[in-house]
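Some notes on the model follow, as numbered points. Please read them with the structure open.

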Amino acid sequence: MANHETLIRLQAGESIPLEEFTRGYDPITQLVIKEGGLFPFAKALERGEIDLPVPTTQKRPMTMGEKILARHMRGGGKYVKPGDALVVDVDGGYTHEFTTAQVHYFLEQEYGPDYKIKNPQKFAVFEDHLIYADDVARMRPFLDKINALRQLQRDFQEHTGCRDFSATDNISPGICHEVAREYIVDPGDFIQATDSHTCMGGVNNAMAWGVGTTEYANLVHSGFTMVEVSESIRFELVGQLKQNVTAKDVMLHILLQYAKPQMTLDRIIEFTGPGVRSLSLDERATLANMATECSARTAIVEADEKTFEWIAAMRPGVDIDALRKRTVAPDPGAEYAGGVHVIDLSKIRPMVAHPGNPDHGIPSDPTNGALVEEIGDVKIDIAYAGSCTAGKVDDLLFYHQVAKEAVDAGLKVADGVTFFIQFGSQAVEQFCRENGLIDTFERAGAIVLNPGCGACIGCGPGVSESGEQVTISAINRNYKGRSGPGKLWLASPLTVAASAFTGHITAYTPGMFALVSSPKSSLHFSALPTTKGDRRSHEANPGRALPAVHHPCICRWSQRAEGHQGQEEDRRILDHRPRRPRS
């Protein structure tokens, strides 16, 4: 709006025309400046004192993101293009205990103690980020302040009547992004929340991204926000993933090849193609979740019948036909300023992102991609399996696949390694309990944790305690200090779990934990060919919580390891019918 020279002129008593403050800004921002800020602008708009400028964009093919914004645009008009400034309606959103108190304070200051929000049933509060703060030594000096944040969130929820995902007996219902996609985000929605991984909602064919508390306070009260239409980049996925590769590896590949050269910067990422349809919804959620690590605006995944079935299974009674009508797909000829890039999933190999060395000019960043086979022998102290990126049902099945093979071979977590496994939600935990996964984890020697963000934000078990410790983690970011002072490597759930048992960063290979005899009766890890592996998309509906629904995810994996002293073992992890969870 102005510079230091302008401030000096004002301090000298000079009168400066308002146009100097608005020059160079889009028409919507100019109105906000003229009204004196975001809240005065919102009040003037509500009183009918402002005529909104509407883009004059003519009919044109549009991307998925452009279609959602065009649908939500106020003031008329049907088409938008990159660079258009819009006022758009917001369908829903959420805050957590780190941010809700500020929203509550801003609204009380602007609208008084009797303020209301527009649509309480599409907005929510979550207690997930600081759920383990009481158990973290470096957080203990701040517990009074943390408890104040928790109480202010409860006050906000009681005041507004928004959906409540607070902890019960110090156990969180789950990480906000995981639970939101289960129960809040619909196809075609425009969702805003006070966290950067809000983009995970794009898995449901929605537009979702994180905003600050001031912007959120305005939109939860007024029902609208201001946006500039971003450019788009599209990834057309073809082929199918190998058995030891997951969607996390796909994102590490995209981070290295496309985000590092800034091709995704501030663009809307769109995932389309037959390769997308080969992935389960949980795996697609990983794609959407890590758009923020790409410095993208957000990500949207093209919908198919699996999308509708998954949402319907999570929300009994939902109208699938209504969901179909809300979906968006890119038009032929839509403009992708970042290009359309074909990625053959069958070519992706297990990857990591190395921790860099910021003290010597090498940033710690998720774009530090490398193939596992290229990094040499990296010993680890901690293996962490969790977060919104990697605490979903499919992720727990990945951890279990590896742990089951290791336990069946008579192995436990490697000496000197601590293996933490944390659920993304109570629903995921219930799935694991009802299907015997937790028993395997415990027999393997892993530490199983209740739902929450935990180590991913440096606030829970799994953080490093010294700069010399090395962590292999399924989380989304490896910035120095994010999860303790140690060196943090990012990897897929399969790689994290395999590394926990070998003691160094290791790409998983089906059958690698075959028990082989030797003169000293020692254990050898051999990469054995697997002829009967079958990782399939998850189609049925085991039990789910929050509330009682069916989880639309089933996996029948049969791993037949050859070379086990002639023994054949059918390793069936799951084979069950859908069932309602216990009340």
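1. Over which residues does pLDDT stay under 50? The stretch is 516-583, and the model has 194 contacts for it beyond four places in sequence. Here pLDDT is the predictor's confidence in each residue, from 0 to 100, and contact means heavy atoms within 4.5 Å. The average pLDDT of the protein chain is 87, and 88% of the residues score at least 70.

2. On conventions: this is a predicted model, in which local features need pLDDT of at least 70 and side-chain atom pairs count only at pLDDT 80 or more, while totals for chains, interfaces and linings use all residues. Residues are numbered from 1 along each chain as its sequence is written, and side-chain values use heavy atoms, with hydrogens and water left out.

3. The protein chain contains 18 helices and 22 strands. These are DSSP runs numbered from the N terminus: helices are H or I with at least four residues, strands are E with at least two. Of its 583 residues, 59% count as buried. Buried means under 20% relative accessible area, exposed over 50%, and partly exposed in between, with a 1.4 Å probe and protein chains only. Among contacts with a separation of 6 or more, 72% are between residues 24 or more positions apart.

4. The chain exposes about 23,100 Å², of which carbon and sulfur atoms supply 48%. Accessible areas come from the Shrake-Rupley method with a 1.4 Å probe, and for residues only the protein chains shown count as cover.

5. The largest nonpolar core has 70 residues, and Phe 235, Ile 254, Ile 269 and Phe 271 touch the most other members. Helix H10 (residues 247-259) gives the most to this core, with eight residues. Apart from it lies another core, of 49 residues, which includes Ala 383, Tyr 399, Trp 489 and Ala 498. A nonpolar core is a set of buried Ala, Val, Leu, Ile, Met, Phe, Trp, Tyr and Cys residues joined through side-chain atoms within 4.5 Å. Beyond four places in sequence, the residues that Ile 269 touches include Ile 233, Phe 235, Ala 291, Cys 294 and Ile 300.

6. Helix H10 also holds Asp 249. Is Asp 249 buried or exposed? Asp 249 counts as buried because its relative accessibility is 0%. A polar atom of its side chain lies 2.9 Å from the backbone nitrogen of Thr 246. With neighbours within four places left aside, Asp 249 is in contact with Asn 244, Ile 348, Arg 349, Pro 350, Met 351 and Ser 492.

7. Lys 122 sits in the loop between helix H6 (100-111) and strand S3 (123-126). At 15% relative accessibility, Lys 122 counts as buried. Its side chain has a polar atom 2.6 Å from the backbone oxygen of Ile 184, and a polar contact of 3.3 Å joins the side chains of Lys 122 and Asp 186. A polar contact is a pair of N or O atoms within 3.5 Å; within protein, one must be able to donate a hydrogen and the other to accept it, and residues adjacent in sequence count only if both atoms are side-chain atoms. Further contacts of Lys 122, outside four places in sequence, include Asp 91, Gly 92, Gly 93 and Asp 189.

8. Asp 169, with phi of about 55°, is in the loop between strand S4 (163-165) and helix H8 (176-183). Asp 169 counts as exposed, at 71% relative accessibility. Asn 205, with phi near 65°, is in the loop between strand S5 (190-193) and strand S6 (207-210). Asn 205 is buried, at 0% relative accessible area.

9. Helix H15 (residues 393-408) has 16 residues and reaches 22 Å from its first C-alpha to its last, close to the 22 Å expected at 1.5 Å a residue. The expected span is 1.5 Å times one less than the number of residues. Of the 16 residues of H15, 15 are buried. Gly 410 follows H15 and has a positive phi, near 85°.

10. In helix H4 (residues 38-46), the buried residues include Leu 38, Phe 39, Phe 41 and Leu 45. Their cover includes helix H3 (27-35), strand S1 (85-89), H6, helix H9 (213-222) and strand S7 (224-228). Gly 48 follows H4, with a positive phi near 80°.
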